[in-house]
Amino acid sequence: MRIVIIGAGMSGLACAQALEQMGHEVTLFDKGRGPGGRMSTRRVALDETHISFDHGAQFFTAREHAFRAQVEQWRKDGVVAPWPAAKEDAWVGTPGMNAPIAHMAKAHNTRFASHAMGLVREGAEWRVLLNDGSRHGPYDAAILALPAEQAAAFLGTYDLTMAACAITARSRPCWTAMIAFAERLPFESDVLDPSGPVGWAARNSAKPCRPVAEAWVVQASPEWSIQHLEDDAASVAGHLADWLAQQGDGAPLPAPIHLSAHRWRYAVAPHSTKGALWNADLRLGACGDWLLGPRIELAWLSGTRLAALIGG
């Protein structure tokens, strides 16, 4: 079949990989300017100093046999490495968290900066409407690999049962601060204990294959992020930077050379046992971490499970 997937994150690309191995022809559209999604890496150049921040997912684990095999292949390809500072079985993309996504996207017909606004069913075929007014297709099947809140808008026109699953799977947000310094901070540990408004704080530059410039990622807890969801980014960045400054021995930290914040409105997916959704009559499906749980591995598994439902 000719299959279109809206969303080229981990679940969409895992689904595309499995479908193409079955002999299907897959096209992916993603509104992002490049690969990554919630595994994105932000790169900043200050004069001759290069800084990188993994401002979405911080690491991932591999527990299920098929995903462990995938991670081992990524390791051989040079796009992941272990990072035991986070936890014993933690892995990160190299040189950035988006490396596995970029590696997968190269193997498929992936079109970034392509914002899908709608799906249209004409007879037994699907067409995709982009925000630039263009129409693409026809396709024999359509898959939504989007956060639940975004998938619901597409599904509601064609399958109310699937739309209801998406509507009830509400994600929690996360504010992320990206902070860089001209010198190393006096913290022995690369990962700090969370407290107060912060759910995660780590020296991003300590991850394998990162630039040496001192870079920290401080992520607010979901609860704090909900309370401050509509605050401006500068205010949030300052608040989280103040928290970092309070973690030392009382001596003031140097002034940051870079300070910014990013809001992930759909950051932490809920837990579910559905795995993937597939309407064989319409040839319409959905996959994503919101159908299993908030882990990169579960996003990959959801995509592969949907491909198995579709079959060869």
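The model is predicted, so to speak of local features takes pLDDT of at least 70 and side-chain atom pairs count only at pLDDT 80 or more, while totals for chains, interfaces and linings use all residues. Residues are numbered from 1 along each chain as its sequence is written, and side-chain values use heavy atoms, with hydrogens and water left out.

Let's start with the sheet. It is open, has 5 strands in the order β13-β14-β15-β12-β16, and its pairing is antiparallel (strands are DSSP runs of E, at least two residues, and helices are runs of H or I, at least four, numbered from the N terminus; two strands pair if DSSP finds at least two bridges between them). β13 (191-192) and β16 (258-268) sit at the edges with a single partner strand each, so one side of each has no neighbour in the sheet.

Now look at β15 (residues 214-220), which pairs with β12 (residues 172-181) over 6 bridges. Ala180 has Ala215 as its bridge partner, and Ala177 stands opposite Val218. With β14, β15 makes 5 bridges; there Val198 partners Ala220. Of the 7 residues in β15, 7 are buried (under 20% relative accessible area, with a 1.4 Å probe and protein chains only). That covers both faces: Trp216 and Val218 are among those on one side, Val217 and Gln219 among those on the other.

Elsewhere, α1 (residues 10-21) meets α8 (residues 296-310): their axes come within 7 Å and cross at roughly 35 degrees (axes are lines fitted to C-alpha atoms over the stretch in contact, with angles from 0 to 180 degrees between N-to-C directions). The residues of this contact divide into 11 nonpolar, 3 polar and no charged (Ala, Val, Leu, Ile, Met, Phe, Trp, Tyr, Cys and Pro count as nonpolar, Asp, Glu, Lys and Arg as charged, the others, Gly among them, as polar; contact means heavy atoms within 4.5 Å).

Notes
Buried < 20%, exposed > 50% of the residue type's maximum accessible area, 1.4 Å probe, protein only.
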